[in-house]
Amino acid sequence: QEQLVESGGGLVQAGGSLRLSCAASGRIFSINVMGWYRQAPGKQRELVATITNSGTTNYADSVKGRFTISRDNAKNAVSLQMNSLKPEDTAVYYCNAQGLNLVYLRFNYWGQGTQVTVSS
C-alpha cells in the first residue's frame, strides 16, 4: 500500500521558520509531481508549491520568496522550507504525490496532514 508520511509541523511565532518533510513509500514506479497544499479553517484546500521530477517548481503567489520546495527523487521525498511565516500561513498542510505504481497505474496520494500554526 502506497503512503505518504509527513513531519515537521508545529507552532511558531510570526517571522519564524519551519520545515515540512514528506516521504512516499510502497509499490511506486515513478513520481511525476510532488507538492504541498494547505487548508485553513473554513477555507478550501489550496496549492502551496509543487515540484516535478525534473525540478520544475510552482508556487502560490502568497508564498513566493518565502517558501522553498525541494525534492530527493532517490528517496521519493519532498520538503518545504517555510521562512518569514505569517499568521495567515496557519493551516493544515498536506503532502501530495502523483505518479505511476509498479503495474503502471496512475496514483494521486495525499498525506495525513500536519498542522502549522503561526502566532502573531
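A residue is called buried when its relative accessible area is under 20%, and exposed when that area is over 50%; values in between count as partly exposed. These classes are applied here to a predicted model.

The disulfide comes first. The structure holds one disulfide. It is formed by C22 and C95, whose sulfur atoms lie 2.1 Å apart. The link between C22 and C95 is left-handed, with an angle of -85° about the S-S bond. The pair joins distant parts of the chain. C22 sits in strand β3 (residues 18–25), while C95 belongs to strand β9 (residues 91–101). The two cysteines are 73 residues apart. Both C22 and C95 are buried.

A further buried residue is S79. This serine is part of strand β8, which spans residues 77–82. The relative accessibility of S79 is 13%. Buried means under 20%, so S79 falls in that class. Neighbours within four places in sequence are left aside in its list of contacts.

F29 is located in strand β4, which covers residues 28–39. The relative accessible area of F29 is 46%.

Note on methods: Residues are numbered from 1 along each chain as its sequence is written. This is a predicted model: local features need pLDDT of at least 70, side-chain atom pairs count only at pLDDT 80 or more; totals for chains, interfaces and linings use all residues. Side-chain values use heavy atoms; hydrogens and water are left out. Helices (H or I, at least four residues) and strands (E, at least two) are DSSP runs, numbered from the N terminus. Buried means under 20% relative accessible area, exposed over 50%, partly exposed in between (1.4 Å probe, protein chains only). Contact means heavy atoms within 4.5 Å. A disulfide is a pair of cysteine sulfur atoms within 2.5 Å.
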